[in-house]
Amino acid sequence: PFAHRAQLMAALSGALASAAGTQEDRKRGQRSIFDLMDEDSSGTSENKAEEIPLPNVPRWSNTELLKYEKEALDFYFSSHPLAEHDSTLKRYASTTVAQIMQAKAGTEIRFGGMLAGVRFLTTKRGGRFVSCKVEDFTGQVECVMWSDDLGRYNDFFVNDYVYLFDAVIEDSERHGKTVVLKKLITLDQAKKELTKSIILNLDLGRHEPNIIESLHTLLKRKPGPCPVFLHVSDPAGRRAQFKLGQEFSVDPTSFPVADLEMLLGVGGVQFSGR
């Protein structure tokens with residue numbers, strides 16, 4: 001099988017050391033016992049590289065892979081850190097970065113994105129604050145968090161980390177519109193705290209009756225405290241809502257969203273904050 005990048009990176013230092021040693025031997029006119037064994041019938045030596053076994057290390061996670069790509073290339077090659085979180089951010093955010101600067105002063109917003117350009121600074125009075133950028137797929141916005149709130153989130157401010165942000169728009173003659181961050185929410189925290197119920201949309205004109213058995217199996221995978229509602233519609237436009245029994249409540253942090261969306265189609269799964 002082909003080596004994965006984590007194995008190649010782990011083996012790199014050993015390979016470089018071996019190559020450097022071989023080069024030094026050549027400079028001194030020395031040959032190893034392996035060189036002598038590899039001599040062909042004409043008396044010459046084939047310059048065969050010693051094979052170094054690859055270490056048995058786990059594959060990098062997608063987050064680690066993208067981090068190393070950015071460090072090496074200064075851009076993301078395989079994907080983007082936001083790509084795998086985009087649907088979650090859209091689910092819980094009330095606005096996008098592109099819409100933020102259209103908001104009026106005093107407006108409270110919740111948006112999601114990736115931190116960049118994080119800088120810890122000090123005011124003239126000695127107060128500590130952070131200046132950063134937050135970007136999503138619609139753009140990038142400058143933000144600050146003042147010292148009153150920073151103490152709770154100091155360790156959260158790491159470049160390339162993805163969060164949901166509660167913020168307020170402030171407006172002043174000196175600085176103009178400013179996005180002031182008040183709270184940072186991890187995505188797991190958002191799933192757990194912001195999801196009050198889950199709605200499954202079942203269309204009798206499109207879904208077969210035996211789909212109920214598949215729903216039963218999927219919902220039983222991740223039991224938890226979050227109730228599940230079934231919204232049923234028929235070709236005549238009639239609708240009915242059912243709250244499933246407590247035995248079908250799920251864990252919103254590990255809920256099998258992708259599997260249910262494959263079963264129900266686009267729009268088949270909704271997360272509700274009520």
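Let's start with D149, which sits in helix 6 (residues 147-153); helices (H or I, at least four residues) and strands (E, at least two) are DSSP runs, numbered from the N terminus. The model here is predicted, so local features need pLDDT of at least 70 and side-chain atom pairs count only at pLDDT 80 or more, while totals for chains, interfaces and linings use all residues. Residues are numbered from 1 along each chain as its sequence is written, and side-chain values use heavy atoms, with hydrogens and water left out.

**The overall picture**

- The protein has 9 helices and 10 strands.
- Of its 274 residues, 34% are buried; "buried" means under 20% relative accessible area, "exposed" over 50%, and "partly exposed" in between (1.4 Å probe, protein chains only).
- Take the contacts (heavy atoms within 4.5 Å) between residues at least 6 apart in sequence: 63% of them join residues at least 24 apart.

- Side chains of opposite charge can pair when their charged atoms come close.
- The structure holds 6 salt bridges, each one a side-chain nitrogen of Lys or Arg within 4 Å of a carboxyl oxygen of Asp or Glu.
- D149 is buried, with a relative accessible area of 10%.
- One partner of D149 is R152, with the closest N and O atoms 2.6 Å apart. Both residues lie in helix 6, 3 residues apart, which is about one turn of the helix. R152 counts as exposed, at 53% relative accessibility.
- K182 also forms a salt bridge with D149, and here the closest N and O atoms are 3.2 Å apart. K182 belongs to strand 5 (residues 176-185) and D149 to helix 6, so this pair ties together parts that are 33 residues apart in sequence. K182 is partly exposed, at 38% relative accessibility.
- Put together, D149, R152 and K182 are linked in a network of salt bridges.
- Leaving out residues up to four places away in sequence, D149 touches L181 and K182.

**Another salt bridge: R110 and D166**

- The side chains of R110 and D166 meet at 2.7 Å, N to O, in a salt bridge. This pair links distant parts of the chain, with R110 in strand 1 (residues 108-122) and D166 in strand 4, 56 residues apart.
- R110 is partly exposed at 24% relative accessibility, while D166 is buried at 17%.

**D136, a buried charge with no salt bridge**

- D136 lies in strand 2 (residues 128-136).
- D136 is buried yet has no salt bridge, and the nearest side chain of opposite charge, K90, is 9.0 Å away. For this search, Lys and Arg count as positive and Asp and Glu as negative; His and the chain ends are not counted.
- What D136 does have is a side-chain polar contact with the side chain of T138 (2.6 Å). A polar contact is a pair of N or O atoms within 3.5 Å; within protein, one must be able to donate a hydrogen and the other to accept it, and residues adjacent in sequence count only if both atoms are side-chain atoms.
- Not counting residues up to four places away in sequence, D136 touches L82, T96, V97 and G112.

**Aromatic rings**

- Rings of Phe, Tyr and Trp (its six-membered ring) pair if their centres lie within 6.5 Å; planes under 30 degrees apart count as stacked, over 60 as edge-to-face and the rest as tilted. That rule gives 8 aromatic pairs.
- Y163 and F165 make an edge-to-face pair, 6.1 Å centre to centre with 75° between the planes. Y163 is buried at 6% relative accessible area, and F165 is buried at 0%.
- F255 and F271 have ring centres 6.0 Å apart and planes at 85°, so they are edge-to-face. F255 is in the loop between strand 9 (239-243) and helix 9, and F271 is in strand 10, so the pair ties together parts that are 16 residues apart in sequence.
- Ring pairs link F111, Y153, F156, Y161, Y163 and F165 into a cluster.

**Helix 9**

- V257, L260 and L264 are the buried residues of helix 9 (residues 257-264). They cover an arc of only 70° around the axis, which puts them on the same side of helix 9; the arc is that of the directions from the helix axis to the C-beta atoms.
- These buried residues pack against helix 4 (86-92), strand 6 (197-203), helix 8 (211-219) and strand 10 (269-272).
- After helix 9 comes G265, whose phi is positive, near 95°.
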